[in-house]
Amino acid sequence: MYGRDASVEDHVRATESHHELLGSVLGSKQMARDTIFYSYTKNINGFAAYLDDKVATQMARHPEVVTLMESKMLKLHTTRSWDFMDMERDGQILPDSIWKHAKFGQNIIIANLDSGVWPESNSFSDEGMDEVPRRWKGSCSDSAKKLIGAKYFNRDMLLSNPAAVDGNWTRDTEGHGTHTLSTAGGCFVPRASLFGYANGTAKGGAPRARVAAYKVCWSGECATADVLAGFESAVHDGADVISVSFGQDAPLADASSFFHEPVTLGSLHATIHGASVVCSAGNSGPFEDTVVNAAPWVTTVAASTVDRDFPNQITLGNSAHMKGMSLESSDLHSDKLFPVINASSAALANCTANLASSCAMGCLDPGKVKGKIVVCVRGGDIPRVMKGMAVLSAGGAGMILANGEMDGNDVEADPHVLPATMITYSEAVSLYKYMASSSEPVANISPSKTELGVKNSPSMAAFSSRGPSGTLPYVLKPDIAAPGVDILAAFTEYVSPTEVAADKRRSEYAIMSGTSMACPHVSGVIGLLKAARPEWSPAAMRSAIMTTARTQDNTGAPMREQDGKEATAFAYGAGNVHPNRAVDPGLVYDVTPNDYFTFLCSLGFTTKDLSRLSAGKFACPAKPPPMEDLNYPSIVVPALRHTMTVKRRLKNVGRFGTYRASWRAPFGINMTVDPTVLVFQKAGEEKEFKVTVASQKDKLGRGYLFGKLVWSDGVHYVRSPVVVNALD
């Protein structure tokens with residue numbers, strides 16, 4: 001027996017069965033005991049062991065083994081946002097805010113698999129919190145009421161890369177885990193800021209939720225067996241939501257390797273046991289087919305901007321002005337212009353001009369740099385703040401960090417150690433032209449400021465990974481977009497917010513960017529939905545978030561990429577999350593664990609495989625349905641040949657009503673819906689419909705094209721993206 005209700009004796013028997021299984025290959029149970037370093041007995045039936053290739057091959061062929069995965073390293077996907085999402089306005093909670101419906105997520109439990117936690121942060125204060133829910137099986141301090149769980153898992157990392165492990169503790173020495181956990185469920189903390197920037201009240205999506213930290217990542221990497229151990233523990237302890245802001249560097253090679261990846265496998269077990277799993281989409285954008293964590297049972301989150309910037313200004317000797325971005329408030333004396341030098345022209349003899357252009361430490365000649373503003377090129381595997389430290393150590397007065405052509409308009413605000421700014425590629429080209437035209441180029445950099453109400457927000461972050469999912473093209477990924485650029489949240493005081501060892505500054509809060517930051521926004525929203533609608537399944541909550549999302553910015557125009565081009569569903573999924581609407585979506589696309597198992601049958605997994613995953617309760621149908629028929633809130637036909645019909649099922653989660661379909665077909669596609677009217681007479685009632693798409697011969701070969709389907713009763717608008725790639 002497995003799951004939260006299993007007894008201690010059940011767990012012992014499961015562990016003993018692992019010893020027997022591995023012992024049958026190694027030759028003795030004692031050898032198996034010495035080799036196994038994790039036995040997963042709570043909701044995953046398996047173990048982690050250090051095996052040579054020969055034994056691993058034998059184990060993979062064993063009839064009792066569903067899958068064998070090699071340990072690999074996953075990577076971390078590295079305030080104002082809740083106001084921007086209409087949950088509050090100028091610090092006042094709005095009457096229709098989901099916070100009120102959900103009582104701020106009271107007693108919901110959010111688990112965070114990440115780099116640990118800084119428990120002293122005010123974001124995890126016990127003030128005003130009631131007693132811990134009795135259903136919680138985890139552990140932390142006996143008196144903790146907010147941060148109710150903290151565990152670490154490092155046995156795999158100690159075998160794979162022992163130097164990465166900084167201690168047997170849950171303390172966050174990197175800041176990533178503290179930032180993501182407080183974004184999902186941190187308390188209200190007034191007067192939070194990073195060195196005076198983004199000043200305001202910090203808070204998580206579900207401020208009254210309980211939170212738990214599972215440290216599975218060490219020095220920016222997360223080992224396979226440790227990740228699985230974290231998943232198992234979080235599910236067993238009673239987590240309602242599991243937030244995962246890390247993943248593989250690149251998508252899985254194909255769907256057959258699904259169960260060779262720990263987030264995919266761990267999240268499936270969590271979903272089966274009723275926990276919602278939310279994952280970051282990855283930071284490999286803006287290129288297509290880069291999205292990771294693409295399993296259909298997780299909610300995959302892309303990163304968008306908010307309407308806040310941290311601009312400063314460069315003034316050139318020809319009176320031209322350029323806009324930059326920075327979190328540095330030092331003043332270069334506004335009445336004076338400073339000489340400007342290209343870093344490549346200031347290389348020491350021991351460095352190439354190319355290395356010096358990136359402002360590598362120890363490469364700049366103090367005699368050429370002292371008292372000047374140095375232009376450094378972005379990249380070169382040198383942290384941006386470290387470039388500024390290199391300029392400062394050489395005696396430079398300031399730094400301009402210039403984007404290359406590949407970086408485009410993607411600029412980051414950093415807490416530099418000297419007056420500094422980052423500029424776009426187009427601005428960099430103009431700067432270089434000015435420098436080439438003047439024998440004595442000069443400039444000044446103004447202090448940065450916080451600017452609110454930035455137009456054309458949100459836009460999609462350039463770094464956010466894009467679909468389609470090459471691993472699983474039948475499911476649209478990412479699912480949803482959420483704020484992930486310049487997010488203020490709690491941070492460790494173990495290191496500087498710049499994460500540069502030489503930077504001795506410390507702050508209780510830090511501003512970070514990444515899909516890592518977007519993910520916990522949605523984790524917090526799902527926590528609120530769990531509190532407001534406890535009867536909903538994880539799939540129903542994801543559906544509510546997706547079908548109520550926005551695809552327009554704050555000017556009413558379509559959401560755009562950071563380069564100004566119109567964004568597509570491969571960038572934002574169903575759109576940017578709109579939490580207040582999600583609490584009352586009208587209808588949802590629900591999915592059961594058996595639906596996921598059936599989908600896996602369609603992918604080629606067998607009854608034997610899935611019988612073990614389902615504890616013997618499931619068998620594949622004789623003829624599995626097409627993968628496009630998974631009851632997902634989006635519709636994707638990745639290889640349309642002439643015509644195809646997909647099926648969907650809607651569940652009423654509101655009052656009775658009549659819903660009518662409207663749609664905009666993708667360009668060059670004929671699209672019909674049958675029936676076009678659905679009448680719901682009671683809550684929980686389900687109705688099926690079909691969508692047929694047909695290609696037009698003269699409009700083939702244009703790649704993926706985008707449309708939408710909307711069901712409405714005049715009050716609710718249940719929107720689904722429709723994506724089609726017509727081949728014939």
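Strand 20 (residues 338-342) runs parallel to strand 21, with three bridges joining them; strands count as paired if DSSP finds at least two bridges between them. Helices (H or I, at least four residues) and strands (E, at least two) are DSSP runs, numbered from the N terminus.

This is a predicted model, where local features need pLDDT of at least 70, side-chain atom pairs count only at pLDDT 80 or more, and totals for chains, interfaces and linings use all residues. Residues are numbered from 1 along each chain as its sequence is written, and side-chain values use heavy atoms, leaving out hydrogens and water.

**Exercise 1.** Trace the pairing of strand 21 and the path onward to strand 22.

*Solution.* Start with Val 340: its bridge partner in strand 21 is Ile 373. Next, strand 21 pairs with strand 22 (residues 398-402), parallel again, over five bridges. Here Cys 376 sits opposite Leu 401. Finally, follow the chain from strand 21 through helix 12 (residues 384-393) to strand 22: this β-α-β crossover is right-handed, meaning that with the strands pointing away from the viewer, the path from the first strand over the helix to the second runs clockwise.

**Exercise 2.** Find the buried residues of helix 13 and say how they are arranged around its axis.

*Solution.* Pick out Ala 428, Leu 431, Tyr 434 and Met 435, the buried ones (buried is under 20% relative accessible area, exposed over 50%, partly exposed in between; 1.4 Å probe, protein chains only).

Key. The arc is that of the directions from the helix axis to the C-beta atoms.
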